[in-house]
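Here is a short briefing to read alongside the model. Take a look at the structure first, and then we can walk through it together.

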Amino acid sequence: MDFTIFLIQVLNALQYGLLLFLVAIGLTLVFGIMGIINLAHGSFYMLGAYAAFVLTSLTGNLFAAIALGIPLAFVFGVVLEKLLFSHLYKRDHLEQVLLTYGLILIFEELRSLTVGDDVHGVPIPELFAFSIQLSDVMSYPAYRLVVSVVCIVLAIGLYFLIQRSRLGMMIRAGSHDRDMVQALGINIKTLYAVVFAIGVSLAALAGMLAAPLSSVYPGMGFSVLIISFVVVVIGGVGSVWGALVAALIIGFADTFGKVLVPEWAGLAVYLVMAMVLLWRPEGIFRKG
Amino acid sequence: MNQNRQQRRTLMQAVVGLAMGALIPLGAAQAADPVKVGMMLPATGTFAALGTAIDNAFKLYVEEQGGKLAGREIQYFAVDDESDPAKATENANRLVTRDRVDVLVGTVHSGVALAMARVARGRDTLFIVPNAGADDLTGQLCAPNLFRTSFSNWQPAYAMGKATAGMGHKTAVTLTWNYAAGQEAVKGFKQAFEEAGGKVVKELATPFPNVEFQPFLTEIAAIKPDAVYVFFAGGGAVKFVKDYVAAGLKDSVPLYSSGFLTDGTLAAMGGAGEGLVTALHYADGLDNAKDKAFRAAYQAKYGMAPDVYAVQGYDAAQLLHKGLEAVGGDMSKKAEMRAAMRGATIDSPRGAFTLSKAHNPVQDIYLRKAQGNLNPVSGIAAAKLDDPATGCNM
Amino acid sequence: MSENLTRAFKLAALLALAAFPFYGTDFYTEVVAKILILAIFAMSLDLLVGFTGLVSFGHAAYFGLAAYMAVLLSPPDFTPASLWTLMPLAMLAAGLAAFVIGLFVLRTKGIYFIMVTLAFAQMAYFIFHDTKLGGGSDGIYLDVRPTAAIGGYTPFDLYDTVHLYFFVLVLMVLVYLFLSRLLRSPFGRVLVGIRSNEHRMQSLGYATFWYKLAAFTIAGTLAGLAGFLYAVLFGFVTPEYLSWHKSGQVLLMVILGGMGNLAGAIAGAFVFVGLQETFTDLTKHWQLLMGGVIVLVVLFMPGGLAALPGRILNRLRKEGRNG
């Protein structure tokens with residue numbers, strides 16, 4: 001592998017890792033703070049991508065679609081929390097697994113009934129629809145780099161939101177001791193609804209941003225579900241930095257797995273996960 | 001209970017049949033019951049749109065014949081196979097053992113079709129495959145009761161390999177998902193390309209259904225082959241082509257594929273697929289009257305343009321019709337019916353084709369060049385191409 | 001529910017199952033045979049999830065591995081293998097895999113355990129999916145069912161649907177009895193102790209790791225039995241048998257039935273497949289109904305099916321008191 005190519009592969013790995021971070025971050029928040037194992041996370045990603053497709057067709061612009069889609073996702077998240085998840089906090093983890101599995105089936109069928117089963121594409125916004133030349137034959141699409149930048153900004157933003165803001169303080173306190181926070185006069189119910197809605201919005205945002213890069217197709221939620229869990233668990237449940245580091249590790253494992261050991265590329269990600277967890281059984285950034 | 005009612009009904013039918021059998025010849029009594037057709041196609045999941053196209057076109061043909069084939073009504077039984085091989089045997093049993101269909105039709109997913117072939121073999125039920133391309137179906141697993149109206153994975157790939165070499169390319173890199181269909185396609189491409197003096201310098205594969213292609217694009221840019229051959233379909237195809245174009249490779253390293261890359265996916269690619277050359281047994285703008293009539297009828301009935309999957313479904317119904325005609329609708333004459341099907345010439349929208357001795361279409365594979373949302377024909381990659389049917393002892 | 005009533009109910013269920021092949025058609029006999037196999041699979045997982053508190057999300061690996069062994073260890077030339085060697089070998093392979101994987105995964109806990117078991121199962125999946133070891137992604141046929149002949153004597157014929165059905169039913173009952181017995185033994189009590197408080201068990205001097213490993217190995221072996229029977233019943237093995245969807249489905253059966261209750265696991269298998277059968281015949285959008293039912297079950301039936309009779313009895317008692 002010559003050096004330029006090696007550098008491009010590193011860039012590929014970074015960029016894929018950041019995308020995985022974006023997909024997984026909502027999951028780690030909901031999981032870490034609310035203790036909910038949300039299998040429907042991939043469905044929210046899928047719904048986001050389809051929303052991007054529908055709204056972009058209507059408004060003609062991905063940014064307008066995102067501006068419309070995020071509030072929609074937030075409201076959707078609040079409604080779901082109030083209707084379903086709020087009844088589950090005191091229940092076993094596994095009943096949440098069962099419920100969210102049911103939701104996967106429902107969302108997938110609703111998607112089929114309303115938008116159909118065809119494959120769709122979403123155009124890259126005009127502004128970023130160009131490529132940057134990297135080597136004599138290879139160039140890099142600017143939009144990918146934009147998405148990477150968004151991911152980095154989001155990581156920093158979330159860190160400050162959780163570690164430095166008043167809302168973050170309440171959230172952190174709520175995840176440690178629900179009853180105590182309530183006794184202090186904070187409305188824990190609203191707080192949880194907000195956290196869940198943020199989780200849904202982040203998954204939908206990931207789907208919307210990824211829609212122009214990927215394509216919009218039935219079953220796309222499944223493809224990100226497992227890998228999101230891998231990222232969350234390697235990073236340590238609930239940790240923003242952990243998710244970021246884990247996503248990058250997986251980005252590198254996947255990219256270089258494909259290049260160096262192509263026959264075993266399917267195993268690479270899981271092998272890395274198994275090794276990390278055997279080394280640190282509670283993820284890299286375990287919560288205190 | 002359901003099965004009780006069914007049993008009672010069968011019993012009554014038997015009694016009535018016996019009573020009538022004394023009065024009129026058996027053939028006529030049989031013509032009164034419909035031919036039971038079991039449609040096992042994906043209605044949910046990634047391949048749902050393909051399943052719908054096949055189902056639509058099959059029924060379109062039957063309706064064009066007035067709802068009857070060789071004088072017999074057609075009664076449909078449907079199962080959603082979900083493209084899940086783990087459920088395939090049971091789903092096939094549902095149609096073959098429970099509903100006792102006369103003909104099993106399906107499906108898109110090769111693994112599911114393999115399971116169906118096993119069930120059909122056990123009961124010697126007529127089985128028509130309207131898509132699944134697994135080479136083995138008309139190779140090692142070929143059987144007197146198994147017919148295919150679509151293609152073998154080998155066919156379009158071999159034709160593409162031949163055409164790629166014909167265009168003067170000397171080196172190629174291949175890329176596919178690491179699954180049977182992709183592996184078979186790459187094998188076909190490589191065989192033809194190397195027979196014609198080319199050299200496949202690297203075979204790349206990515207785990208199914210992973211769609212992160214960037215590392216491979218970088219490798220291709222490093223190797224700089226004369227051409228790239230890929231096998232992708234559906235959402236993965238859209239993503240791959242968009243990535244290939246965005247990486248600036250399309251202009252420097254031409255991309256070729258079996259036609260599934262650009263079938264039903266061009267609109268989603270949003271212009272990225274423009275000018276792609278692919279090989280398939282069907283194309284837009286074929287100059288034959290059958291195709292024009294088929295397209296018009298399909299458009300009128302379903303409000304959308306038919307695709308290659310629809311053609312395959314339509315031809316499955318045609319092939320069944322040929323068989324039924326030959327025996328006057330009497331499906332108990334298995335051997336005659338199958339011989340007639342084997343010897344039939346199907347007047348397909350893709351152009352007339354015949355069947356090989358392994359029951360796979362012997363067909364022209366077209367070269368197509370993508371234009372807008374269409375894949376107009378630009379030439380013939382291989383005429384009357386016959387699958388080698390490796391391992392078939394029929 | 002009172003002990004006697006439960007026993008009477010179980011006996012009645014068993015009698016109904018034993019009578020089924022005589023009034024069901026071949027197809028439904030095979031469907032019920034499949035459910036019985038899945039019930040074995042679900043019970044084996046319940047040993048981990050319900051009794052030991054180990055939520056494995058990779059249990060399909062042992063199921064699928066044994067199914068592949070049924071094919072790969074059969075002679076390639078269409079002569080049937082002997083049931084009495086093939087079945088133990090397939091189970092042994094699954095048990096061995098569970099033992100080795102257990103050595104690693106049991107170092108983790110909670111959600112991390114869920115994910116590491118998934119990781120190992122995914123690796124097994126990709127080995128069968130991506131390589132030609134077992135026919136690749138398209139799957140492989142088990143061409144002939146094994147024979148039950150011992151010496152010159154053949155007690156039953158697996159090609160006969162009814163024989164096969166009873167073979168499966170007997171094995172299911174044996175697994176049920178074996179696990180019930182196991183759970184009542186001192187060993188089983190340690191497992192249940194680990195579930196409620198592992199630290200306490202450790203401080204009482206139990207080497208909990210080895211107990212968990214034993215449970216994991218037994219569960220893997222029994223999952224292997226289920227996988228082997230599945231391969232024999234359907235004659236077709238695909239990598240999808242090892243996929244996380246399959247692991248998820250069996251987990252659903254256990255949760256649906258009510259964790260920590262072997263009869264519940266069996267009921268879970270029946271209800272899960274029963275719903276599928278009913279809904280697929282109703283509409284092509286059957287998954288919508290399935291999803292709806294699952295959501296409703298979680299919201300209104302905590303504790304799964306196993307808790308249902310008790311809840312109904314309670315309700316009746318209450319109403320009796322009020323009325």
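How far apart do the C-alpha centres of domain 1 of chain B and domain 2 of chain B lie? In this predicted model, the two centres are 28 Å apart. The points below start with these domains, then turn to a helix and to the partner chain.

**Domains of chain B**
- Domain 1 of chain B covers 33-151 + 287-359, and domain 2 covers 154-280 + 368-385.
- Where the two domains touch, domain 1 of chain B supplies nine residues and domain 2 of chain B supplies ten.
- The domain 1 side of this contact holds four nonpolar, three polar and two charged residues.

**Helix 5 of chain B**
- Helix 5 of chain B runs over residues 110-123, and its 14 residues reach 20 Å from first C-alpha to last, close to the 20 Å expected.
- Eleven of those 14 residues are buried, so helix 5 of chain B is largely enclosed by the rest of the structure.
- Among the buried residues are Val112(B), Leu114(B), Met116(B) and Arg118(B).
- Just after helix 5 of chain B comes Asp124(B), with a positive phi of about 55°.

**Contact with chain A**
- Chain B brings 36 residues into contact with 32 residues of chain A.
- Elements giving two or more residues to the chain B side include helix 3 (48-64), strand 8 (199-206) and helix 9 (234-246) of chain B.
- Helix 8 of chain B gives the largest share of that side, seven residues.
- By class, the chain B side that touches chain A has 18 nonpolar, 14 polar and four charged residues.

Terms used:
Residues are numbered from 1 along each chain as its sequence is written. Chains are lettered from A and ligands numbered from 1 in the order in which they are written. This is a predicted model: local features need pLDDT of at least 70, side-chain atom pairs count only at pLDDT 80 or more; totals for chains, interfaces and linings use all residues. Domain bounds come from an automatic or database domain assignment. Two residues are in contact if their C-beta atoms, placed from the backbone, lie within 7 Å. Ala, Val, Leu, Ile, Met, Phe, Trp, Tyr, Cys and Pro count as nonpolar, Asp, Glu, Lys and Arg as charged, and the others, Gly among them, as polar. Helices (H or I, at least four residues) and strands (E, at least two) are DSSP runs, numbered from the N terminus. The expected span of a helix is 1.5 Å times one less than its number of residues. A residue is buried if 20 or more other C-beta atoms lie within 10 Å of its own, exposed if 12 or fewer, and partly exposed in between; C-beta atoms are placed from the backbone.
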